Amino acid sequence: MYQRILVPVDGSETSNKALVAALQMARESGGRVRLIHVVEELAYLTGYEQYGGYSGELITAMRENGTKVINDAMAIAQAAGVAADSMLYDELGERLAEVVANAAREWKADLVVVGTHGRRGVGRMLLGSGAEQILRLAPVPVLVIRLGENDSQAA
């Protein structure tokens with residue numbers, strides 16, 4: 001069974017669904033989870049980096065949001081009674097999948113559990129698929145959780 005489960009969280013409905021699945025697995029196997037949030041660079045959408053970098057206010061807001069996401073996810077883990085810790089990765093310039101893969105290696109994770117938005121077509125082309133990239137780079141098995149038909153379609 002999986003004893004060390006890494007869960008990237010972003011506060012979305014799909015991310016929370018993946019977190020709940022990981023917590024259930026950890027509870028059943030007597031394992032633990034590590035929650036991570038990656039403050040992602042927005043240059044590919046906004047072009048900030050090309051013109052001198054991010055404003056201090058934007059970086060602060062991104063880090064504050066990341067801290068809130070981590071704190072909310074830790075509260076869910078604590079309520080579930082599962083041993084958990086967390087890491088906030090805020091080194092701008094690294095891609096989500098690379099950070100997740102490195103975190104899995106460093107922590108010696110047995111499994112990565114990640115939510116997917118299930119984007120298709122133009123949305124997938126423009127925004128990419130973080131889950132797909134994690135699948136490609138992860139050094140351990142990856143469980144991908146998606147929204148079901150009864151879940152909200154907004155995510």
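**Close-up views of a predicted model**

**View 1. Helix H6, residues 130-137, lies across S1, S4 and S5.** In this predicted model, H6 runs at about 160° to S4. Look next for helix H1, which lies across S1, S2, S4 and S5. The angle of H1 to S4 is about 150°.

**View 2. Five strands make an open sheet.** Which strands stand at the edges? They are S3 (83-89) and S5 (142-146), and each has a single partner strand, so one side of each is left without a neighbour in the sheet. On average, neighbouring strands here are turned by 25° against each other, direction ignored.

**View 3. Strands S2 and S3 run parallel, joined by 7 bridges.**

**View 4. The largest nonpolar core holds 20 residues.** Those touching the most other members are Ile5, Val7, Val9, Val33, Leu35 and Val113. Two or more residues come from each of strand S1 (4-8), helix H1 (13-29), strand S2 (32-38), helix H3 (56-80) and strand S4 (111-116). H1 gives the most, with 6 residues. Apart from this core lies another one, of 18 residues, including Leu6, Tyr89, Val114 and Ile134. In soluble globular proteins, nonpolar side chains tend to be buried together.

**View 5. Here we zoom in on Val7 and what it touches.** Leaving aside residues up to four places away in sequence, Val7 touches Leu19, Ala22, Arg34, Leu35, Ile36 and Val113.

Note on methods:
Residues numbered from 1 in each chain as written. Predicted model: local features only at pLDDT ≥ 70, side-chain atom pairs only at ≥ 80, totals over all residues. Heavy atoms only, no water. Core = buried A, V, L, I, M, F, W, Y, C linked by side-chain atoms within 4.5 Å. Buried < 20%, exposed > 50% of the residue type's maximum accessible area, 1.4 Å probe, protein only. Helix = DSSP H or I, 4+ residues; strand = E, 2+ residues; numbered from the N terminus. Contact = heavy atoms within 4.5 Å. Pairing = 2+ DSSP bridges. Axes fitted to C-alpha atoms, helices over the stretch in contact; angles between N-to-C directions.
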